[in-house]
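Please keep the structure in view while reading.

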Amino acid sequence: MIGEDLLGIAPLDRARIELILETAERMQEIAGRDVKKVPTLRGRTVVNLFFEPSTRTQTSFEIAGKRLAADVVNFSSNSSSLSKAESLLDTAKTLDAMDPDAVIVRHRVAGVPQRIADALQAPVINAGDGAHEHPTQALLDMLTVYQEKSRFEGLTVTIVGDIAHSRVARSNIYGFTKLGAEVRVAGPPTMLPPGIEELGVKTYTSLREALEGADVVMALRIQLERLTGAYFPSVREYSATFGIDRAKLRFAKSDAIVMHPGPVNRGVELSNELTDDRPSVILDQVRNGVALRMALLYLIAGRRMGEGI
Ligand code: CP
């Protein structure tokens, strides 16, 4: 909950999502200034507690906190007492005893941010947990789509790739369906989890059918380091069947945009050309990630929910 924790999109109602997106739009004005800093969170402390690698999420939370004048501490698990067998929860409680105003948690195991939130006084923001949720990624994706399309109702959002292992897919499914968009998921049958339709999405094993009439095409990262062979025969075959290039994109609407949470396996999920150029909005997603995380820190670390925006 805003003012407390943000552990997923599933618990948020439409009004809360819209409040976060409206706040993020206001934060974007700061990014356009010559001096990109305001004193809003002066005296507040934000701890980045990342147990998994991250470029976009960790850096943008750090920049977001600094633009709001918060003190941002990046916890390094490698050089911490975790290497002396201190438990995860003891580590989190130790940091909590230093009175942070928000703790940002990423972990490879689903449910860890929830467990930490249950044990801490400070509000916790989930920065991605296993295949469960990545709420801040989905919120920045929603912000990017709104800025491109000026609406959610009536849009068709097609998510392509490894739906089964993707926290980004899950959070975006929750978010876009709550906002009134139609969500389709497409991929090899091994990557479409049984029962995913219960989340209100349509499933496709034909990329062409999934793309027909789509306004938004979101490709997901294939975890090549873990999945090849077990879920699809070869990278070449995946790319030929589900990789998106300009020729395949013609099945979508002529003004469709292309998204990817990053990092992109170039030539696998997206062609080089589509990764770099319009209608790709990948770098807009990254840019919006700073404003979106500023909004969350303002609302959560600043405990501003009761005051509106
Ligand atoms: N999209 C995303 O979560 O990227 P990072 O792993 O670089 O944070």
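## Basis of the model

This is a predicted model, in which local features need pLDDT of at least 70 and side-chain atom pairs count only at pLDDT 80 or more, while totals for chains, interfaces and linings use all residues. Residues are numbered from 1 along each chain as its sequence is written, and side-chain values use heavy atoms, with hydrogens and water left out.

## Two crossing helices

Two packed helices are described by the angle between their axes and the distance between the axes. Helix H5 (residues 135-149) and helix H12 (residues 282-300) have axes that come within 8 Å and cross at roughly 115°. Helices here are DSSP runs (H or I, at least four residues), numbered from the N terminus, and axes are lines fitted to C-alpha atoms over the stretch in contact, with angles from 0 to 180 degrees between N-to-C directions.

Residues in contact (heavy atoms within 4.5 Å) include Leu140 and Thr144 of H5 and Gly289 and Leu292 of H12. The contact residues divide into five nonpolar, seven polar and four charged, where Ala, Val, Leu, Ile, Met, Phe, Trp, Tyr, Cys and Pro count as nonpolar, Asp, Glu, Lys and Arg as charged, and the others, Gly among them, as polar.

## Two pockets

A pocket is an open set of points on a 1 Å grid over the protein atoms alone, with protein on both sides within 12 Å along at least five of seven lines, and its lining residues have an atom within 4 Å of a point. The largest pocket holds about 670 Å³ of space, a volume being the space filled by probe spheres set on the points, which are joined across faces, edges and corners. Of its 25 lining residues, the closest to the centre are Arg106, Arg167, Arg221, Gly262 and Pro263. Because domain 1 (14-133 + 286-301) and domain 2 (135-281) both give residues to its lining, the largest pocket lies between them; the domain bounds come from an automatic or database domain assignment.

The second largest pocket has a volume of about 150 Å³, and H1 gives the largest share of its lining, five residues. Its lining divides into five nonpolar, no polar and five charged residues.

## One cavity

A cavity is a set of grid points where a 1.4 Å probe fits but cannot get out, and the whole structure has one of 30 Å³ or more. This largest cavity holds about 70 Å³, and H12 supplies the largest share of its lining, four residues. Gln137, Leu140, Gln285, Gly289 and Arg293 are among the residues that line the cavity.

Definitions and conventions. Helices (H or I, at least four residues) and strands (E, at least two) are DSSP runs, numbered from the N terminus.
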